[in-house]
Amino acid sequence: MKITVFGTGYVGLVTGTCLADVGHDVVCVDIDRNKIERLVQGDIPIYEPGLESMVLRNVEARRLRFTTDAGMAVEHGVLQFIAVGTPPDEDGSADLQYVLAVASTIGQYMNGYKVVIDKSTVPVGTADKVRDRIESVLAERVADVPFDVCSNPEFLKEGSALEDFTRGARIVVGTDSDRVSDLMRECYAPYNRNREKLMFMSVRAAELTKYAANAMLATKISFMNEIANLAERLGADIEDVRRGIGSDPRIGYHFIYPGCGYGGSCFPKDVQALARTASKVGYEAELLKAVEAVNKRQKSTLFEKLSHALNGELEGKTIAVWGLSFKPETDDMRDAPSRTLMEALWAHGVTVQAYDPEAMKECRRIYGERDDLILVADRIQAVKKADALVICTEWKEFRTLDAEWIRGQLSTPVVIDGRNLFDPQTMALAGVDYYAVGRGKTL
Ligand code: UGA
């Protein structure tokens, strides 16, 4: 099938590449000339395991092309995926200007039937706005070209995006048209062989499904963080509690790991946007607001614990930070807990000595060169001459820590672990002043 994907960010690039990999003829289009030039040269702008080789082999096979030529791109595909960004605007609502700009472009160039597919996470009702926009552009052109708009949200996780795309739990398609259903079925047939994964529903239900899924997962995390904070104060170990509740199949073990707060490009933005959507229709989503508030507070616990452990004496200290990305296997630092921590440390005159396996370039891009940010080549160097260690991301290579060794490295043997990687007892026996999340020591 001929497919066009607008936007070569995370979602667009993964979608276009995976669809090309099963034999579709895909054109990916972006207004960012620089990005397209890099992609044409095989330089992949994001880090995602397995993506680079998949892009290269499909470009080589001429099933995947990158362009800035919107006219050619609209002409190409019967399916037109919109996978551009929907950043939050000031009040937390999703900003639709990029999505609607693509709708205008499609309306401007289309000359035959097209299915316009919202792949980006967009508020309920967006498909109607996309339809209106295309209709008004067609009216200006005095052109009568048939098209349908459908919602097909993605459920990719950064770090396992290819696996999620190819072996995802479900493929949600929001449409009321049989023609669209048939075309979407054909598009996803290679991923729908072993069991029926396609779920057809109304456009609005599909749009809401995406937000509801992320909001539910974010709620589980904030809930566990709240219970962890309680456990800490009540002298219970959250790891025992987690095992205790996870064993109930109605609760389950997934997404109940307490930590230093959720980050990334999806949960924070989507929870806020859904709460805004709710207010706009006259409903105050109290639970969603609490999920967001708990998460905000959780992100500041790393700093609070560190400050407590060092008796508030922070000025002039050097703190080692392990992990900058919002989770392992990505270089993404959007809304990462490490940022809340570092910004608080800098505000208190602290030098950060940080290491991350993938995100150091990104960290430099965000914060630039500054005297109080030293990025080092490995985790060992990060703790050299540091006063204390804070762990923000559970990269595999951080999971082993010789307690005796770390005590010897740090001037005050304080370790703040935002991901519960170690046994508090072992740490205590080795003389490390160890703070985890919901285990043992509290503020
Ligand atoms: C999330 C969803 O998991 C995907 O299903 C969805 O498609 C995606 O958003 C999206 O909307 O595009 P992602 O943001 O890549 O994916 O990352 P997750 O693996 O879900 O992790 C999110 C955050 O939650 C991380 O900061 C992680 O550390 C935290 N987390 C996760 C916890 O603190 N505890 C847990 O038990 C699980």
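The legends below describe close-up views of a predicted model.

**View 1. The predicted model and the confidence assigned to it.** The mean pLDDT of the protein is 96, and 100% of its residues reach 70 or more. For the complex, the predictor gives an ipTM of 0.95 together with a pTM of 0.93.

**View 2. The crossing of helix H9 and helix H11.** Helix H9 spans residues 203-234 and helix H11 spans residues 267-280, and their axes come within 9 Å of each other while crossing at roughly 115 degrees. Because angles of 65 to 115 degrees count as roughly perpendicular, H9 and H11 are described as roughly perpendicular to each other. The crossing in which H9 passes H11 is left-handed.

**View 3. The residues through which H9 and H11 meet.** From H9, the residues Tyr211, Asn214, Ala215, Leu217 and Ala218 take part, and they meet Phe267, Asp270, Val271 and Leu274 of H11. Sorted by class, this contact of H9 with H11 has 7 nonpolar residues, 1 polar residue and 1 charged residue.

**View 4. The division of the protein into domains, and the contact between domain 1 and domain 3.** The protein is divided into domain 1, covering residues 2-201, domain 2, covering residues 211-297, and domain 3, covering residues 300-435. Although the C-alpha centres of domain 1 and domain 3 lie 39 Å apart, the two domains are in contact, with 4 residues taken from domain 1 and 7 residues from domain 3. On the side of domain 1 that touches domain 3, the residues divide into 2 nonpolar, 1 polar and 1 charged.

How values were computed: Residues are numbered from 1 along each chain as its sequence is written. This is a predicted model: local features need pLDDT of at least 70, side-chain atom pairs count only at pLDDT 80 or more; totals for chains, interfaces and linings use all residues. pLDDT is the predictor's confidence in each residue, from 0 to 100. Axes are lines fitted to C-alpha atoms, for helices over the stretch in contact, and angles run from 0 to 180 degrees between N-to-C directions. Helices (H or I, at least four residues) and strands (E, at least two) are DSSP runs, numbered from the N terminus. Angles under 35 degrees count as roughly parallel, over 145 as roughly antiparallel, 65 to 115 as roughly perpendicular and the rest as oblique. A crossing is left-handed if the near helix is turned anticlockwise from the far one by less than a right angle, and right-handed if clockwise. Ala, Val, Leu, Ile, Met, Phe, Trp, Tyr, Cys and Pro count as nonpolar, Asp, Glu, Lys and Arg as charged, and the others, Gly among them, as polar. Domain bounds come from an automatic or database domain assignment.
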